[in-house]
Amino acid sequence: MNNTDISQKIESHFRNQVQKDKRVRNAFLLVHSDTLNVHVNIAEGQSGDIPANPKQPNHLASVGKLFTATLISMLYEQGKLDFDDSIGKYLDDELMKGLHVYKGKEYSQDIKIKHLLKQTSGLYDVFYDLWEKMQKDPTFKTTPREAVLWGKDHLKPVAVPGEKHSYTDTNYYLLGFIIEKITGKKFHDVMHELIFEPLGMDHACMFGFSKPKKESEFPQAGLYFKNIDFRSVEGVHQIDYAGGSVLAPLDEFLIFMKALLNQTLIKKETLEIMLDDDVNMGFPTLGFRYGYSIWKTKTIPVIMPKEYYAWGCVGVTGAFMFYHPATESYIMGTFNDFAYRGKALQFMAGRIIKELLKLTQK
């Protein structure tokens, strides 16, 4: 099969997947490989009053965490922090006191920056509790800082720092605070200054916090949590913050991934730390290891052969942004619905990577 056939098959798989599932209102896919001469950038479904368009800005949920981890890595290369630093070196007493008390013992000062990055701090996750609170009480408002303080009073840590992987947006709020402390600037301003502007991501912004350099001619695509449009909940951007928030068309997410891989943003050695300082993820993501906001597929004979290995980042609304080394391909997209939080990765491996690998077979 040639690259045109494969591109058409990938497009067909994607459109069929969306059309047969009434839960998906709009979905987007970009597959790119210079080596294989493959480029697919498509949209399916309806986005508000218009047919979904590939140029629409998309919110890829927790895929934004990889941008946050990259900012931290850039500050590491500048000598402004170390991954082994205690977070207490950068965060004030109001945040730190009682932040992590587990079985009667306080571990707050034992949390390291690398624990936040690879989700092993043992801290609680405030996102879903506050998300539900915002839905039930439209008058409830918070800020990222207030969200963490609320968590101290209402939630409990789940483990000693460094002991186990436990995914939480709280870790990435704290990374955002550290970035702000070191730079003396707002998190979203740092994102624009160090990533969006140098890379020419002109249509990128931080949802609810900033505006793009150039406004898109198309509206932002809808994003749904259990039939509720994420964008419709007033103030929800405050609990997104450094745990997500990146809003851009898929071709600009591709610009970021290429820059990350090609050492435009950070050195090869630093990316290797982000990849290799990893831990096993727990249920229901047992097939992955987790680095500094990087998901890596684990090789499992028959189930996940080594040629399917890929690394990248995942969003709970069926969003994904991966690099597949065996075909030197970038694969990213979103089904923009909470119902696809697991199915999106199955689609990526079973429908996209499987097709791309055919071009490497002689």
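**Close-up 1. The salt bridge between Asp 278 and Arg 289 in the predicted model.** The side chains of Asp 278 and Arg 289 form a salt bridge with an N to O distance of 3.0 Å, where a salt bridge is a side-chain nitrogen of Lys or Arg within 4 Å of a carboxyl oxygen of Asp or Glu. The two residues are eleven residues apart and link distant parts of the chain, with Asp 278 in the loop between α10 (268-276) and β11 (279-280) and Arg 289 in strand β12 (residues 288-290); helices (H or I, at least four residues) and strands (E, at least two) are DSSP runs, numbered from the N terminus. Asp 278 is buried at a relative accessible area of 15%, whereas Arg 289, at 25%, is partly exposed; buried stands for under 20% relative accessible area, exposed for over 50%, and partly exposed for values in between (1.4 Å probe, protein chains only). The model is predicted, so that local features need pLDDT of at least 70 and side-chain atom pairs count only at pLDDT 80 or more, while totals for chains, interfaces and linings use all residues. Residues are numbered from 1 along each chain as its sequence is written, and side-chain values use heavy atoms, with hydrogens and water left out.

**Close-up 2. The salt bridge between Asp 34 and Lys 258.** Among the 19 salt bridges counted in the model, one joins Asp 34 to Lys 258, with 3.5 Å between the closest N and O atoms. Asp 34 is exposed, at 56% relative accessibility, while Lys 258 is partly exposed, with a relative accessible area of 24%.

**Close-up 3. The salt-bridge network of Lys 9, Glu 355 and Lys 358.** Salt bridges link Lys 9, Glu 355 and Lys 358 in a network, in which the side chains of Lys 358 and Glu 355 meet at 3.2 Å, N to O. Glu 355 is buried, its relative accessible area being 5%, whereas Lys 358 is partly exposed at 25%.

**Close-up 4. The buried residues of helix α5.** Helix α5 (residues 127-136) has Phe 127, Leu 130, Trp 131 and Met 134 among its buried residues. Viewed down the helix axis, the buried residues of α5 fall within an arc of 105°, so they line one face of the helix; the arc is taken over the directions from the helix axis to the C-beta atoms.

**Close-up 5. The open antiparallel sheet.** Nine strands, paired antiparallel, form an open sheet in the order β3-β2-β1-β16-β15-β14-β13-β12-β11, two strands being paired if DSSP finds at least two bridges between them. The edges are held by β3 (50-51) and β11, each with a single partner strand, so one side of each is left without a neighbour in the sheet. Between the antiparallel strands β1 and β2 there are eight bridges, and Leu 30 has Asn 41 in β2 as its bridge partner.

**Close-up 6. Strand β15 and its two neighbours.** Six of the six residues of strand β15 (residues 319-324) are buried, so the strand is largely enclosed by the rest of the structure. Ala 319, Met 321 and Tyr 323 are buried on one side, and Phe 320, Phe 322 and His 324 are buried on the other. Five bridges join β15 to the antiparallel strand β14 (residues 311-315), with Trp 311 partnered by Tyr 323 in β15, and in the hairpin of these strands, which has three residues between them, Gly 318 takes a positive phi near 75°. Six bridges join β15 to the antiparallel strand β16 (residues 329-334), where Ile 331 is the bridge partner of Phe 322, and in this hairpin, with four residues between the strands, Glu 328 takes a positive phi near 50°.

**Close-up 7. The cysteines Cys 205 and Cys 313.** The model has zero disulfides, a disulfide being a pair of cysteine sulfur atoms within 2.5 Å. The sulfur of Cys 205 lies 18 Å from the closest cysteine sulfur, that of Cys 313, which is too far for a bond. Cys 205 is buried, with a relative accessible area of 6%, and Cys 313 is buried at 1%.
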